[in-house]
Structure formats: structure tokens, C-alpha cells
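Keep the coordinates open as you read.

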Amino acid sequence: MTDLILQALFSGVLIGGVYALVALGLALSFGAMRIINLAHGELVLLAAYCAYLVETRTGLDPYAAIPLALLVVAGVSAVLFLMIDRIRQDRELNSLILTYAVGIILTNAILLAFASDVRSTASPTLQDAVTLGSVYAMTGEIIAFGLSLVLMVALWWWLKRSWYGRAVRAVSSNRAAATLMGISPGRTELVAFLVAGALASFAGVALYTMSVIQPALGHALTVKAFVITVLAGVGSIPGVFLGALLLGVTEALTVTLASSALQDLAGMVLFLVVLFLLPNGLFGARARRG
Amino acid sequence: MLETRRLRAGYGHITVLWDLSLRFRAGALTAIVGPNGAGKTTLLRALTGLVPHAGEILFQGERLVSRTSDLAGAGLVMVPEGRMVFRDMSVEENLHLGAYPKRCRGDLGASLDRVYGLFPRLRERRRQAAGSLSGGEAQMLAMGRGLMSAPRVLLIDEPSLGLAPVIVKEVFEIIARLKQEGTTIVLIEQNTRVALGVADDVHLMRGGRVLLSEPAARVDLDRLHDLYFAREAQGA
């Protein structure tokens, strides 16, 4: 029993890395644009199906699909951005309807193109078991987790040190002041949106190498990302990472101790409990607005 | 340096500025004083493109048509009312953002040294989050951030707002020093006395119009206050 729980904790942490990438993308576009992109999970799923396509058509490793995934997701993100940019009134509210609709269209496009079957990698290397003491993992899970860590550090560095990253933070913090400093808010929003898309691309490919995908997953991923973002409070990469691990572990424990049918419910219950007990999220004592 | 011709601006159907024709001399400090609602802040917001305007704004002899985000690069920088610092970023990160225009990035180190020289307090607090600064320190940060791009014209909106008198004195000493270093400054201030202390030229605004334009040395404070408070000038 202890072994089973340890195993669940370990698997939960590994999937949590990918959840963190998905959530950081959502948080980034929210920070810069003040809109919640309800199609973000579908962007991740689009990348996952790119990996499936490359693996089944060419026989290459799914990670070889990263350039294709980046291209496809960047294209769809750019179109989505142009549509959001055309909203003239009540952008925060109207963008919810717009992105929700785009999500439905993408889900059904994926369903049409790939059928409703569950897909996962066939690569023997990625599915190789690695044993660490009493717990084990697939090589694919370890690689995906490592990739998530690297990307989180890269994102932190970009936001902290690069001029575009600083501009994204400035626009998130105080839009009018950022404009007076010579930062173009429109261009900064586009950059943030595309970086969020790049994170979604990596997350999607990683997800395919370690888990199973099916066309309805996009919406579930958006919800998970939203839950994590609210748990962590927007604007802290370590906070999002911990929130994602917590969600991953909660789900894995539910599957081990109860039933896999309750997996998504467990995340929601966690969300409600945390919001009820800690209305500012796990790490947010502050309720501020630039 | 900076000039407006029949400038008209407002919000929606409400016109706030009525055909303002003003001239701001290069290297001089021009103070715009006036009571609440006179249109002082709207004037700065029109100059920086934050509110739409009719009429002309001339900057260095050319008509200004740039978007707000291009102005800092062109050398026109505003230190906004209420400081508007990036609260969750450190003091130094705020200053870095002041040097965002491409032409300023190469001199980042030198600009930082200059600003820290003017405001030693900011150097002490450089790792601290800007949101945790006191009002006076936040005002200094907002001014320092504006100076990071070595502006030709600096627009400063109500720097004394909400500050203790001793801090106001400190802030205005630095404004006087910036003038001596040759920066053209447009200063908006409700506190007439401190504004006159540093100004070369003074414009008094009320109800969206300019009632008085004079060199600061010639201003009669009693008359200025009569106009300011819309009192009938006594014995005139």
C-alpha cells in the first residue's frame, strides 16, 4: 500500500510538470492581455496530435514533431490573436465567448481529422521503465518532466532579463505607464500570446510522450490550467509549479485509492476546498491590482 | 521646443481644453498652475497622446503625430500623476524599463549611475519591490524612471501630491537640479508657491483656458491667486 501511494505521488509529480507548462501559458496571456484564453488547452492538444502525426507517418521520435507543433500552434495563435484584437468593447468578457467557441471548433476539427480513439506513443524507448528505488516511471515521463523544468527556468530568465520579457511584465503591471516608457502594448500582447503558444506546443508534445490523448482532452486541460492558476495566484512561476504538482498528485492519488473515473472530479474538489479555506490562493496573501 | 496651437481635447462629448496655444521654451521650466478641474492633467495627456486632440502639437518644430509608445523614443517623457510605478517589480527593474526605447539601451549602465547619483535613496532600495516604497520614494522612482531615457522634454504631473512638506522640498530641489542640467521641463502643480520657486515661465489655467502667461519673475502672487480662486481682483 505504501508503495502504491509512493508510486502515485511520483507519477503525480511527473505529470505536474507538464500541467505547469500548460498553466504558465494561460497565465502569461492573462497577465499581458487580461483575457482568459479558453482555447489554450486545445492549442496544447493540437501540438500533441502533431506529435502523433509525425510519429505514425514518419516513424520518427515524437519529439521530432516540435518544429511542426510550434509552427501549427503559432499559426492558430496568431489567427486567434487577430480575432481577439478586433474586439472593441468589453474585451475581458467577449474574449471568453470567442475563445470558448474557437476551442469547440478546434476540438471538433481534431475529432474529424483523427477520430475519437485514444492515442499514445508507440516508441519503445519512451515507454521503457526506469526504476528508482521502490517506484518506477517511463523514460518518456522523466524526459517530459526534465523538459518542463528547463522551460520553466527559460521562461523565468526571459521574463526577468530580456527586453520583451520585461515589457510583458510591465504591461501586466501597469499598462498606461508601460506605454509611456515606450512599450507598444499591442506588440507586447502578441509576443506574450506567441510565447504562451510555444509553451503549449512543448507541453502538447511532452504530454503525448508520457500519457494518452483524445480529442476531448483540450477542454479538460484548460480547466486544469485555470485551476492551477487560481490555486497559485497569477505571476509566480514557482507558485504555478507547486500548484501544478499538487493537482497532479491529487489526481494520481485519486486514481490509485479510488477510481480513475473520479480523476477530474478530484481536481475540482481540491479547487473548491482551497478557495473555501484560502480565498487568495495557496501562495497569494496579496490582492493587488497595478 | 514644444508648442500647442489651438489645442482642443476632452473625453467623449465633454471638451476640457479650449483652443490652447502654449509655448514651452527649450531649457526652461514651465509651470502650469491652476485649481482642480482646470484641465492641467488633460493637457499632459493630450501632449502624450493618451487622449485624442484637435489642433496641433509641435515638437522640435515638427507636428507630433506619433503614438504614445513612440514618444519616449523621440525624447518626450511623462512622469504621470500618482507615480504609476510597476509595483511588483524591483526599483532597479523599474529603472531598466525607463530605458526601454532602443536608442537608450546601450547607455543603460551610465543612465543608472546618473539616476542613482540624483536619488541615492533609490540605490539603497534597488532590490526592493517598488510597491513597498513610501510616497516620496515612489515619486523619486517615477522621476528616475523617466530620466533613464535622457529625455529632451520631461512632463511632470503633480509631483507634490500626497507628500509631506519636507519631502516636497526634496523633490523640488531635484527638479531644480534637472533644469540646471538643461532638461526642458513642463511641470503641473497645484501648489503655486513651490511651483513658482523653480519655474522660469508660468501659465495659469482655469476652466480649460489659459488666463495668465508670464515669466515667473514677473508674477504678482496676489493677482495669480485672485485668478486661481476666481476672486474679483480687489482695488483693481
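Two residues are in contact if their C-beta atoms, placed from the backbone, lie within 7 Å. Helices (H or I, at least four residues) and strands (E, at least two) are DSSP runs, numbered from the N terminus.

This is a predicted model, in which local features need pLDDT of at least 70 and side-chain atom pairs count only at pLDDT 80 or more, while totals for chains, interfaces and linings use all residues. Residues are numbered from 1 along each chain as its sequence is written, and chains are lettered from A and ligands numbered from 1 in the order in which they are written. The predictor gives the complex an ipTM of 0.90 and a pTM of 0.90.

An unreviewed UniProt entry annotates "transmembrane region" at residues 6-28, 66-84, 96-115, 135-159, 190-210 and 265-285 of chain A. UniProt positions are given in the numbering used here, feature names are shortened, and annotations may be inferred rather than shown by experiment. Residues 66-84 of chain A are 100% helix and 0% strand, with end C-alpha atoms 26 Å apart. Residues 190-210 of chain A are also 100% helix and 0% strand. Their end C-alpha atoms are 30 Å apart.

Now take one helix pair. Two packed helices are described by the angle between their axes and the distance between the axes. H2 (residues 40-58) and H3 (residues 66-85) of chain A pack at about 145°, with axes 9 Å apart. Here axes are lines fitted to C-alpha atoms, for helices over the stretch in contact, and angles run from 0 to 180 degrees between N-to-C directions. From H2(A), A:Leu43, A:Leu46, A:Ala47, A:Cys50, A:Ala51 and A:Val54 take part. They meet A:Leu68, A:Ala69, A:Val72, A:Val73, A:Val76 and A:Ser77 of H3(A). By class, this contact has 11 nonpolar, 1 polar and no charged residues. Ala, Val, Leu, Ile, Met, Phe, Trp, Tyr, Cys and Pro count as nonpolar, Asp, Glu, Lys and Arg as charged, and the others, Gly among them, as polar.

Turn to the interface. Here 20 residues of chain B are in contact with 18 residues of chain A. Helix H2 (68-74), strand S6 (76-79) and helix H3 (91-98) of chain B each supply at least two residues of the chain B side. That side has 11 nonpolar, 6 polar and 3 charged residues.

How many residues of H3(B) are buried? The count is 6 of its 8 residues. A residue is buried if 20 or more other C-beta atoms lie within 10 Å of its own, exposed if 12 or fewer, and partly exposed in between. The buried residues of H3(B) pack against helix H7 (163-173) of chain A, and against H5 (108-118), H6 (120-124) and H7 (135-147) of chain B.

Finally, look at backbone angles. Most residues other than glycine have a negative phi. B:Asp19, in strand S2 (residues 14-24) of chain B, has a positive phi near 50°. B:Asp19 is partly exposed, because 15 other C-beta atoms lie within 10 Å. B:Arg83, in the loop between S6 and H3 of chain B, has a positive phi near 65°. B:Arg83 has 25 other C-beta atoms within 10 Å, so B:Arg83 is buried.
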